[in-house]
Amino acid sequence: MTRYLRLLGLQVRTSALLAAQYRWDFLVDGVISIFWAATAVVPLFVVYGDASRPGIPGWGFGEALVVTGWFILLQGLLDGAINPGLQAVVEHIRKGTLDFVLLKPADAQFLVSTARFQVWRVFSVANALVILALAFQRIGRAPSPLGVLMALVLLVVATWILYSLWILIVSAAFFVVKVDNLTYLFSSIFDAGRWPSAVFRGALRFVFTFVIPLAVMTTFPAEALLGRLAPRALVGAVLGSLVFAAIARGVWLKSIGRYTSAGG
Amino acid sequence: MRRLLKAIPTMLQVGFAEAVAYRAEMIIWVLATTMPLIMLMVWTAVAEAGPVPSVSGRTWESGSFVAYFLVAFIVRQLISSWAAWEINYEVRQGTLSMRLLRPVHPVLMYLVQNLVYLPLRAVVTAPVVVILLFSPGAAHLEKHWATWLVFAASLAGGWMINFFANIAIGALSFTMESSVKIMDVWIAAFFVFSGYLFPLDLFPPWLREVAAWLPFRYQLGLPVELATGVHSLPEALALLARQWAWAAAFLVGSLSLWRVGVRRFQAYGG
């Protein structure tokens with residue numbers, strides 16, 4: 001266990017050093033992240049517009065903004081900690097260099113997951129915190145300590161689910177090799193999470209709660225912060241994420257067994 | 001010139017074979033551009049509580065949102081281009097030298113490679129067209145046949161703006177290490193100002209004015225507006241003229257950027 005913690009520290013440090021090498025990226029990433037945060041918020045302004053527009057049923061402007069803020073936070077995590085690794089594995093599989101990872105005396109899933117971090121994406125986290133603060137200022141009250149605690153638990157749950165989904169996608173790369181745009185697909189499906197799950201109906205609501213649990217990742221934490229999430233939902237989310245993680249681990253082990261390397 | 005004309009059928013053939021070979025990739029790409037469908041859900045949920053009034057005096061009900069976003073999805077499929085990423089990749093890997101060796105202008109090659117995907121994309125979008133025709137959105141489509149001709153021309157114009165913008169941004173990778181980040185910014189602006197996430201009609205007036213002067217609306221918003229019957233015929237023609245002016249500007253601009261940039265190209269490695 002301590003060995004893995006040490007390894008994690010080492011991997012993070014390498015990424016940080018690499019990021020420090022490209023200091024200009026710090027500025028560029030900062031500007032781009034503000035730009036993307038703006039594109040996430042602008043539709044909300046258009047949906048709510050002036051007072052004459054009804055908006056999303058059951059969600060006031062400030063409340064919907066909490067969901068968007070949480071979405072930007074998770075997007076930062078996804079782009080900063082999860083996607084870079086995914087791209088690295090896809091590249092490894094295509095070139096056959098995954099052999100070198102498999103040869104190392106540590107768990108392969110751990111190694112590929114922690115191989116690369118985009119340190120400058122911490123910007124998105126800052127953006128998200130600003131948006132959340134603005135949202136609660138708009139609502140006119142602060143979240144309760146219990147709500148914050150529940151939201152933090154859900155943040156861990158959401159990260160866990162995102163990570164599991166990511167492992168499932170990487171596993172797909174073992175079967176269909178040319179999947180450069182899988183990350184793109186993943187991020188664009190994830191985009192739906194910027195809206196309160198109340199807008200999805202019927203089958204899609206089921207999919208976004210249980211199959212690709214976007215609702216659990218962004219709407220649940222927002223509801224927790226707003227103090228209206230049922231404790232039962234929280235327990236369900238935690239159990240669900242454990243199931244997700246178990247499935248992802250199983251699929252990963254199965255697909256890595258099928259890995260046959262590539263020439264050169 | 002005659003040599004070029006003889007080369008084009010072969011290029012089309014090769015490109016089409018490639019497109020069929022990478023069809024899985026294309027499906028992923030199509031699945032990745034389902035944003036209009038998600039926005040459709042959002043807006044129909046909003047419209048359920050009552051029609052949404054715009055500043056221009058139109059009221060948007062769920063049927064008009066269905067028409068708008070299904071057409072937006074279809075248009076996005078038909079105008080899409082990914083040349084900027086391709087150029088970036090090839091410049092970095094040095095494989096662009098293979099293209100430069102051939103006696104055909106590389107931009108023409110990218111163009112052919114894009115066009116061959118159109119039949120496949122049309123197949124993918126066909127079910128959406130059928131759904132649109134049998135949905136509540138059908139009543140909100142344009143009725144006049146002449147406007148549909150303008151729509152077809154605006155599709156070509158939108159495709160041109162998108163494609164040549166891709167070439168222009170791709171050509172920037174000759175002078176900077178990677179222009180992928182510029183493409184990110186371009187796409188973020190496209191999302192907001194093209195009418196991809198919401199009809200521009202619902203923007204406040206001053207932002208609508210801004211959007212009218214930016215190229216993004218003419219990539220996607222204009223064709224969608226034409227198909228959903230927002231504009232009268234004279235209005236449509238005037239907007240089409242603006243769109244083609246943008247297309248011409250991007251054509252000239254991107255080709256000169258390419259010419260300046262390609263001189264700086266030094267192939268690395270293999």
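Student: Which residues in α8(B) does α4(B) meet?

Tutor: In this predicted model, local features need pLDDT of at least 70, side-chain atom pairs count only at pLDDT 80 or more, and totals for chains, interfaces and linings use all residues. Residues are numbered from 1 along each chain as its sequence is written, while chains are lettered from A and ligands numbered from 1 in the order in which they are written. Two residues are in contact if their C-beta atoms, placed from the backbone, lie within 7 Å, and helices (H or I, at least four residues) and strands (E, at least two) are DSSP runs, numbered from the N terminus. From α4(B) come A67(B), L70(B), F73(B), I74(B), Q77(B) and L78(B), and in α8(B) they meet L118(B), R121(B), V124(B), T125(B), V128(B), V129(B), I131(B) and L132(B).

Student: How many nonpolar residues does the contact of α4(B) with α8(B) have?

Tutor: Ala, Val, Leu, Ile, Met, Phe, Trp, Tyr, Cys and Pro count as nonpolar, Asp, Glu, Lys and Arg as charged, and the others, Gly among them, as polar. By these classes the contact has 2 polar and 1 charged residues, and its nonpolar residues number 11.

Student: How is α4(B) oriented relative to α8(B), roughly parallel or roughly antiparallel?

Tutor: Axes are lines fitted to C-alpha atoms, for helices over the stretch in contact, and angles run from 0 to 180 degrees between N-to-C directions. The axes of α4(B) and α8(B), the latter being residues 117-134, are 9 Å apart, and the angle is about 175°. Angles under 35 degrees count as roughly parallel, over 145 as roughly antiparallel, 65 to 115 as roughly perpendicular and the rest as oblique. Therefore α4(B) and α8(B) are roughly antiparallel.

Student: At what angle do α4(B) and α12(B) pack?

Tutor: Y68(B), V71(B), A72(B), V75(B), R76(B) and I79(B) in α4(B) meet Q219(B), L220(B), P223(B), V224(B) and A227(B) in α12(B). These residues divide into 9 nonpolar, 1 polar and 1 charged. The helices are residues 62-79 and 216-227, their axes are 9 Å apart, and they pack at an angle of about 135°, which means that α4(B) is oblique to α12(B).

Student: Is W159(B) buried or exposed?

Tutor: W159(B) lies in helix α9 of chain B, residues 145-171, and touches L78(B) and I79(B), not counting residues up to four places away in sequence. A residue is buried if 20 or more other C-beta atoms lie within 10 Å of its own, exposed if 12 or fewer, and partly exposed in between, with C-beta atoms placed from the backbone. Because W159(B) has 21 C-beta neighbours inside 10 Å, this residue counts as buried.

Student: How many helices are there in chain B?

Tutor: The C-alpha trace of chain B spans about 60 × 35 × 35 Å along its principal axes, and buried residues make up 40% of its 270 residues. Chain B has 2 strands, and its helices number 13.

Student: Which helix gives the most to the side of chain A that touches chain B?

Tutor: In all, 30 residues of chain A are in contact with 29 residues of chain B. On the chain A side, α2 (23-48) and α8 (182-190) each supply at least two residues. With 9 residues, the helix that gives the most is α2(A).
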